[in-house]
Amino acid sequence: VQANICTITLGTSAINFGTINAGSNIATSNAITDTNTGNANAYMFVYGGNWIGPAHFGVSNTTWSKSSGTAFATANKLLSTPVNTTLIVPASGSNTIYFGLGVPGGAPSGAYSQTITIENSC
């Protein structure tokens, strides 16, 4: 009997939203592809931390969606605790999650960073 195994790799380790003005937002246009070379389906969970830079703003300023181009206002808000995206990464296959961003009004310009974690469960 063969064990069920998921072997996961991410297509990239970073997202670059580019330059976004304070008070502006972008739809879910930044993709991360999760590839599974194992023999069992994996289920994708996602969560993150607050933004850190010249100012701090909340994790929920990042959004995620199962599809590209979802408007900021209607996309799922990223949380600080794991959320089941209901995205399945099939055995010997892949699936993609998309991220967007809203920058609070009055946020000073500069470089910001955030940690986003993608976990998989078999």
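Biologist: Which residues lie nearest the centre of the largest pocket?
Modeller: Keep in mind that this is a predicted model. In it, 29 residues line the largest pocket. Those that lie nearest its centre are I15, F17, W51, L101 and Y112.

Biologist: And what volume does the largest pocket have?
Modeller: Here's the general idea: rolling a probe the size of a water molecule over the atoms shows where empty space is left. For the largest pocket, the volume comes out at about 630 Å³.

Biologist: How many charged residues are in the lining of the largest pocket?
Modeller: Let's go class by class. The lining has 18 nonpolar residues and 11 polar ones. Strand 7 (93-102) and strand 8 (116-121) each supply at least two residues of that lining. As for charged residues in the lining, there are no such residues.

Biologist: Is T63 buried or exposed?
Modeller: T63 sits in strand 4, residues 62-65. Even leaving aside neighbours within four places in sequence, T63 is in contact with a list of residues including T28, F72, Y98 and L101. Its relative accessible area is 0%, and buried means under 20%, so T63 counts as buried.

Biologist: What about T37, buried or exposed?
Modeller: You'll find T37 in the loop between strand 2 (25-36) and strand 3 (42-48). Its relative accessible area is 58%, and the cut-off for exposed is over 50%. That's why T37 is called exposed.

Biologist: How many Å apart in space are T37 and C6?
Modeller: Along the sequence, T37 and C6 are 31 residues apart. In space, going C-alpha to C-alpha, the distance between T37 and C6 is 6.7 Å.

Methods: Residues numbered from 1 in each chain as written. Predicted model: local features only at pLDDT ≥ 70, side-chain atom pairs only at ≥ 80, totals over all residues. Heavy atoms only, no water. Helix = DSSP H or I, 4+ residues; strand = E, 2+ residues; numbered from the N terminus. Buried < 20%, exposed > 50% of the residue type's maximum accessible area, 1.4 Å probe, protein only. 1 Å grid on protein atoms, 1.4 Å probe; cavity = no way out; pocket = protein on both sides within 12 Å on 5 of 7 lines; lining within 4 Å. Points joined across faces, edges and corners; volume = space filled by probe spheres on them. Nonpolar A, V, L, I, M, F, W, Y, C, P; charged D, E, K, R; others polar. Contact = heavy atoms within 4.5 Å.
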